[in-house]
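Please consider the predicted model shown below.

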Amino acid sequence: GAGAAQRILDRALARGKQQDVTAVSNYAVSPTTECTIYITGYPTINSYIQAVTWNFPSDEMTIKTRQPLNI
């Protein structure tokens, strides 16, 4: 049906909109957590976290987002 086809198309178009972001460590963050990303000069991105990588010596985390919520 049209609903299923539209969902497949939306997911395919959103794949190119995934983001990798580095920030100060927040140990409450985990995959499936909803996040908001603010980048100067760009629209705000609301998404879910797909993966978190911790860098303990520098107290940073890198998050990989999945499909944005505001597409």
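**From the chain to one strand residue**

In this predicted model, 18% of the 71 residues of the chain count as buried. The accessible surface of the chain comes to about 5,100 Å², and carbon and sulfur atoms account for 54% of that surface.

The chain contains 1 helix and 4 strands, which follow one another along the sequence in the pattern α-β-β-β-β. Among contacts with a separation of 6 or more, 45% are between residues 24 or more positions apart.

The interior may be considered next. In soluble globular proteins, nonpolar side chains tend to be buried together. Here, the largest nonpolar core has 8 residues: V29, C35, I37, I45, I49, V52, M61 and I63. Strand β3 provides the largest share of the core, 3 residues.

T65 belongs to strand β4, which spans residues 60-65. Is T65 buried or exposed? Its relative accessible area is 0%, and T65 is therefore buried, the cut-off being under 20%. Beyond its neighbours within four places in sequence, T65 is in contact with Q18, Q19, C35, I37, S47, Y48, I49 and Q50. The C-alpha atoms of T65 and D20 are 6.5 Å apart in space, although the two residues are 45 residues apart in sequence.

Technical notes
Residues are numbered from 1 along each chain as its sequence is written. This is a predicted model: local features need pLDDT of at least 70, side-chain atom pairs count only at pLDDT 80 or more; totals for chains, interfaces and linings use all residues. Side-chain values use heavy atoms; hydrogens and water are left out. Helices (H or I, at least four residues) and strands (E, at least two) are DSSP runs, numbered from the N terminus. Buried means under 20% relative accessible area, exposed over 50%, partly exposed in between (1.4 Å probe, protein chains only). Contact means heavy atoms within 4.5 Å. A nonpolar core is a set of buried Ala, Val, Leu, Ile, Met, Phe, Trp, Tyr and Cys residues joined through side-chain atoms within 4.5 Å. Accessible areas come from the Shrake-Rupley method with a 1.4 Å probe; for residues, only the protein chains shown count as cover.
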